[in-house]
Amino acid sequence: MQLKIYNSLTAEKEIFKPILEGNVGMYVCGPTVYSNVHLGNVRTFLSFDFIYRTLTHLGYKVRYVRNITDAGHLTDDGNVDNDRFVKQTRLEKLEPMEIVQKYTVDFHKVLDMFNLLPPNIEPTATGHIVEQIELTQKLIERGFAYESNGSVYFDVLEYNKRGLNYGELSKRNIEELFANTRDLDGQGEKKNPQDFALWKKASPAHIMRWNSPWGEGFPGWHLECTAMSTKYLGETFDIHGGGMDLKFPHHECEIAQGKACNDAAPVNYWMHANMLTMNSQRMSKSTGNYILPMQLVTGDNDFFEKPFHPSIVRFCFLQAHYRSVLDISNDAMIASEKGFIRLMEAVKVLNSITPYDTKQSGFSLKEWKDKAYEALTDDFNSPILIAHLFEAVKYIFALNDGKETISTADLEDLKSTLNALIFDVLGLQTVEENNNEKLDQTLKVLIELRNQARKSKNFDLSDQIRDKLLAEGIELKDGRDGTSYVLN
């Protein structure tokens, strides 16, 4: 099956054709480490972890680069006091690199908790100051940038005058933007309000500063990704990913910088993960509709009735396509927990199935596998893949009940495929908890009591045990190998 990827640049699904056959160069914009990673960030990075896992599973050799922004993230090019690191340094009364270290450790801890694979390379902005200065010099030499009062800006108007299109990714009409703001042209250091900083002059109070041909300063936000992606993946590479919120201006600026420097589009496939909402509202500290990843896992919050294992959270996230808005709520998490438990129970049950080579099964394993991989290769459609996994789950429980059969070869194939898709591709992990062990022991006792009641022909007691357990969401299954249970 051919892999198809939705390209944000063309707004179409395209057949994936890597630059070097069998290899993939993928760059994903990483965190700005001035605060704890939030749940929306986790959703984005988890989406690209799934994409990375899928590409690897499909046989590609992937070089996955995800950066750490540890300097120069300005919220407003015109005001160096809006540097997020400067603000947090003052708030916590720590050195900038203490802030960086503190929140980089938090970032890695959270992603490890959700079983994200590390990238092949994780470069930092501060580790690539030289490369950013060199790119800035090249843009000045080529007439795409200008120095102003110790700062350097990318000239968006000049870029468009040369027949290039600033706004091609976000589908913005830059000519209209210029027309609406032309009364501001010439004010401040910029020639045009749309111009963005490549290098900023450091004020006397600015702690993070480096020497440059234009004086002491620090890099703008957008240039770091161009510097690092081209260094490790080349002037043009296969996939660039990030959150939907980065499409403009960050990724738009990356395209402009790449084309202006190298006369070539920097990326062939742009991919964007959509946002995360909670209780159908945007997550925001200012409104109070906000929760940290660790609070969801520990249960230390006012939104969810109980804590949820990281693998259950991961399962919930993957039930929405990466390009769709994902809304989490207490009901959604409870439903995901039930689905996750049933999926893991099926994996457990599958290991105890006895094959029957002489009987024909009504379940076509080949057709099921084809559908599963069709979902996987159709722009990484995790919710459709999960739906097909539950078709296999239904079949597994039918096998356990003696209502279906499977050959030895198909049984081994099903085990192998299911384990690969659940654990390697979706990245789920089994949940081993003492509570589950105690539940197992308790239910074994109840099942034994029910069996004794049935032997004694005390069917009222037998049915009462079964019905009371069913009312609590525990369904007993009577099969040829005995009685098992399923959590519904």
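Which residue stands opposite L276 in strand 13? In this predicted model, the residue that stands opposite L276 is L326, a member of strand 13. The pair belongs to a chain with 16 helices and 15 strands, and of the 488 residues in that chain, 53% count as buried. The points below begin with the chain as a whole, then turn to its sheets and its hairpin, and end with single residues in loops and in a helix.

**The chain as a whole**

- Taken along the principal axes, the box filled by the C-alpha atoms of the chain is roughly 95 × 50 × 35 Å.
- The accessible surface of the chain comes to about 22,300 Å², and carbon and sulfur atoms account for 48% of that surface.
- When contacts between residues at least 6 apart in sequence are considered, 73% of them join residues that are at least 24 apart.
- The chain carries 54 positive and 68 negative charges, and the mean positions of these two groups are 3 Å apart.

- Another open sheet consists of 3 strands in the order 12-11-13, and here the pairing is mixed.
- Its edge strands are strand 12, at residues 281-282, and strand 13, at residues 326-328, each of which pairs on one side only.

**The hairpin of strands 5 and 6**

- Strand 5, residues 145-148, and strand 6, residues 151-154, pair in the antiparallel sense over 4 bridges, and Y146 stands opposite Y153 of strand 6.
- The hairpin made by these strands has 2 residues between them, and in this hairpin N149 takes a positive phi near 55°.

**Backbone angles that deserve a second look**

- As background for the next points, most residues other than glycine have a negative phi, and most peptide bonds are trans.
- N115 has a phi near 60°, which is a positive value in a residue other than glycine, and this residue lies in the loop between helix 3 (96-113) and helix 4 (129-141).
- Is N115 buried or exposed? Its relative accessibility is 19%, and because buried means under 20%, N115 counts as buried.
- K457 likewise has a positive phi near 60° in a residue other than glycine, and its place is in the loop between helix 15 (434-455) and helix 16 (459-471).
- With a relative accessibility of 64%, K457 counts as exposed, whereas N115 counts as buried.
- The peptide bond that leads from F248 to P249 is cis, with omega near 5°, and P249 has its place in helix 8, which covers residues 247-262.

**A buried loop residue**

- A71 lies in the loop between strand 4 and helix 2 (84-92), and at 1% relative accessibility this residue counts as buried.
- Between A71 and R172 there are 101 residues of separation in sequence, and the C-alpha to C-alpha distance in space is 28 Å.

How values were computed. Residues are numbered from 1 along each chain as its sequence is written. This is a predicted model: local features need pLDDT of at least 70, side-chain atom pairs count only at pLDDT 80 or more; totals for chains, interfaces and linings use all residues. Side-chain values use heavy atoms; hydrogens and water are left out. Buried means under 20% relative accessible area, exposed over 50%, partly exposed in between (1.4 Å probe, protein chains only). Contact means heavy atoms within 4.5 Å. Accessible areas come from the Shrake-Rupley method with a 1.4 Å probe; for residues, only the protein chains shown count as cover. Lys and Arg count as positive and Asp and Glu as negative; His and the chain ends are not counted. The place of a charge is taken as NZ of Lys, CZ of Arg, CG of Asp or CD of Glu. Two strands pair if DSSP finds at least two bridges between them.
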